[in-house]
Amino acid sequence: MAYIPYATQTIDESDIKAVTEALTSGWLTQGEAIPLFEQAFASLHGVEHAVAVCNATAALHLACLALDVGPGKTVWTSPNSFVASANCALYCGASVDFVDIDPVTRNMSADALAAKLELASAAGQLPAVVIPVHFAGLPCDLQRMRELADQYGFAIVADASHAVGATYQGLPVAQEHADISVFSFHPVKIVTTAEGGMLATRRADLAARLRLLRTHGITRDPAELEDKHQGAWYYEQQRLGYNYRLTDLQAALGTSQLRRLAQFQRRREALAARYPRLLQGLPLALPAVLPDRTHSWHLYVVEVTDAAAVDRATAFARMREAGIGVNVHYTPIHLQPYYRRLGFGPGMFPHAEAYGRRAMSIPLYPTLSDPQQEEVVATLRRALTA
Ligand SMILES: *Cc1c(COP(=O)(O)O)cnc(C)c1O
């Protein structure tokens with residue numbers, strides 16, 4: 001039986017043609033493909049500004065820098081995420097803390113956030129930035145978080161790495177509420193540029209800072225120069241930035257992929273709608289579906305409950321042996337050895353920890369066929385049997 005991964009990219013002839021054209025267009029980087037990709041992404045996500053960068057980890061780093069995260073500041077994120085959601089604060093010399101998840105949505109709990117803010121406010125230790133994560137593609141409680149942000153004065157950087165195309169209260173997920181939303185184009189995500197990331201924002205001031213930071217902190221824009229009396233050769237480095245650019249080859253691939261986003265979404269939705277029917281009766285907790293938001297279905301995560309005859313590790317090992325590429329998203333960040341050495345440990349975020357012990361991502365990607373999906377479920381049924 002062919003190996004079935006938990007996720008994979010969907011590349012077709014139109015993608016290959018787009019990259020080949022970019023390769024012979026005269027620009028391999030810093031050409032026209034980047035603004036075209038940014039505009040396509042911005043209009044799909046209902047934001048004025050989109051800034052493409054080399055990966056979402058770099059995007060999270062720049063988002064923190066653009067919001068003046070630095071030594072003495074604190075950033076809060078969800079423990080149920082990829083480590084990059086927390087590492088970005090440490091790159092800036094800030095400290096990091098976590099807010100426990102809601103066990104139903106598996107996202108940062110707005111109630112836990114409100115409670116932690118109240119304590120932090122009394123102690124004079126409010127965060128500068130909160131990074132909620134739209135886990136698996138299900139948008140967070142953004143409206144509630146925005147109200148808390150306005151009340152307590154922090155900025156919201158939504159880690160939307162999983163959530164390309166997701167909607168919240170009828171609008172694209174990045175359109176309102178978050179100051180900046182960050183997306184990833186890693187091959188396992190919704191659309192890919194091999195490596196790649198995007199920052200989406202409605203704020204022109206943040207977009208300008210992000211563009212500056214993406215390219216060494218250098219500007220050539222005559223309107224921006226501090227010394228206006230030099231020649232056409234002249235540029236200025238105004239901040240300490242990085243080379244976090246995406247290439248034109250990648251941007252061309254991204255634009256080509258975005259043309260098929262709706263098609264990818266329909267297939268992901270169809271598979272996600274079939275899973276609960278196929279999995280009926282198994283001792284599993286399934287992903288929540290909420291009426292006021294649409295899921296982008298980057299991941300389909302089941303939780304092996306106490307009612308199962310075997311534990312998660314056994315079921316997981318059996319799935320892998322049978323050629324099904326299950327995975328765990330995520331072991332809570334605060335339990336990573338690096339974070340334990342910073343003082344975090346078991347018991348601090350119990351919902352994320354309980355979820356992390358039970359979670360198993362099963363295959364979901366546009367080219368997964370119905371028979372393959374049925375094979376995944378049949379294998380899982382056997383794997384959960386004593
Ligand atoms: C994939 C991912 C990232 C990092 O994305 P890269 O583009 O690989 O740097 C960050 N946060 C989350 C939640 C992710 O899933």
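Guide: Two strands pair if DSSP finds at least two bridges between them. Helices (H or I, at least four residues) and strands (E, at least two) are DSSP runs, numbered from the N terminus. This is a predicted model, in which local features need pLDDT of at least 70 and side-chain atom pairs pLDDT 80 or more, while totals for chains, interfaces and linings use all residues. Residues are numbered from 1 along each chain as its sequence is written, and side-chain values use heavy atoms, without hydrogens or water.

Visitor: Which residue in β15 is the bridge partner of Leu284?
Guide: Strand β13 covers 284-285. β13 is joined by 2 bridges to β15 (residues 300-304), and the two run antiparallel. In β15, the partner of Leu284 is Val304.

Visitor: Which are the edge strands of the sheet?
Guide: The open sheet has 3 strands, ordered β13-β15-β17, with antiparallel pairing. An edge strand here pairs on one side only, and that holds for β13 (284-285) and β17 (359-362).

Visitor: How much space lies in the largest cavity?
Guide: A cavity is a set of points on a 1 Å grid over the protein atoms alone where a 1.4 Å probe fits but cannot get out; lining residues have an atom within 4 Å of a point. There are 3 cavities of 30 Å³ or more. The lining of the largest cavity includes Phe135, His295 and Trp297. The space in this cavity is about 70 Å³.

Visitor: Which element supplies the largest share of the lining of the largest pocket?
Guide: Of its 19 lining residues, Arg211, Leu212, Arg214, Thr215 and Ile218 are closest to the centre. At least two lining residues come from each of α2 (33-44), α7 (204-214) and β11 (218-219). The largest share, 4 residues, belongs to α7.

Visitor: Which element gives the most to the lining of the second largest pocket?
Guide: The second largest pocket holds about 320 Å³ of space. Its lining has 21 residues, with Phe82, Ser184, His186, Lys189 and Tyr330 nearest the centre. Two or more lining residues come from each of α3 (56-66) and α4 (84-91). The element that gives the most, with 3 residues, is α3.

Note on methods: 1 Å grid on protein atoms, 1.4 Å probe; cavity = no way out; pocket = protein on both sides within 12 Å on 5 of 7 lines; lining within 4 Å. Points joined across faces, edges and corners; volume = space filled by probe spheres on them.
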